[in-house]
Amino acid sequence: MLKTLFKKSYKSISPNEARERLRTNKTAILLDVRSPAEYAELHIPNSKLLPLDKLQSNIAKIVNDKDTELIVHCHSGARAATACNLLSKMGYTNVSNLGGIVSWPYETESGK
């Protein structure tokens, strides 16, 4: 009974799986929930910045189809997990937690 109450409504995926999904699903969105300063310092190419504190009020401006594949990351994974929970509670159905950019072994860039 308790397991049902606390069941995660999103999945965790590896950097390799995320990269493959982004390559094959052109509508998938890589969502970076860090601060603007963190994003400017280093981010994954083509990721969309939406800081965690602005997620609930601004997600519909970026994603209006709640079935869109969303791959969420932050610096180390904690904010991404919080964001995934929020998105799931808001009705988004295809949410994955990539964790943190610290474990992303592929290309990154700096600047806006």
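The model is predicted, so to speak of local features we need pLDDT of at least 70, side-chain atom pairs count only at pLDDT 80 or more, and totals for chains, interfaces and linings use all residues. Residues are numbered from 1 along each chain as its sequence is written, and side-chain values use heavy atoms, with hydrogens and water left out.

Five strands form an open sheet in the order 1-5-4-2-3, with parallel pairing. Strands here are DSSP runs of E with at least two residues, helices are runs of H or I with at least four, and both are numbered from the N terminus; two strands pair if DSSP finds at least two bridges between them. At the edges sit strand 1 (11-12) and strand 3 (48-49), each pairing on one side only.

Now look at strand 4. Four bridges link it in the parallel sense to strand 2, and five bridges join strand 4 to strand 5 (residues 95-100), also running parallel. On the strand 5 side, leucine 70 has valine 95 as its bridge partner.

How many residues of strand 4 are buried? Five of its five are, where buried means under 20% relative accessible area, exposed over 50% and partly exposed in between, with a 1.4 Å probe and protein chains only. In a regular strand the side chains alternate between the two faces of the sheet. Here Leu70, Val72 and Cys74 are buried on one side, and Ile71 and His73 are buried on the other.

Leucine 70 counts as buried because its relative accessibility is 0%. Beyond its neighbours within four places in sequence, leucine 70 is in contact (heavy atoms within 4.5 Å) with Ile29, Val63, Leu87, Tyr92, Asn94, Val95 and Ser96. One of these, tyrosine 92, is 22 residues away in sequence, with 8.5 Å between the two C-alpha atoms.

That brings us to the cores. A nonpolar core is a set of buried Ala, Val, Leu, Ile, Met, Phe, Trp, Tyr and Cys residues joined through side-chain atoms within 4.5 Å. The largest one has 17 residues, and Leu31, Ile59, Val72, Leu87 and Val95 touch the most other members. Strand 2 (29-32), helix 4 (55-62), strand 4 (70-74) and helix 5 (78-89) each supply at least two residues of this core, with helix 5 giving the most, four residues. Setting aside residues up to four places away in sequence, valine 95 touches Tyr10, Lys11, Leu70, Val72, Cys84, Leu87 and Ser88. There is also a second, separate core of eight residues, including Ile13, Ala18, Ile71 and Ile101.

Finally, visit the largest pocket. A pocket is an open set of points on a 1 Å grid over the protein atoms alone where a 1.4 Å probe fits, with protein on both sides within 12 Å along at least five of seven lines; lining residues have an atom within 4 Å of a point. Of the 16 lining residues, Leu22, Leu30, Ile44, Pro45 and Asn46 lie nearest its centre. Helix 2 (15-24) and strand 2 are the elements that give two or more residues to this lining, and helix 2 provides the largest share, three residues.
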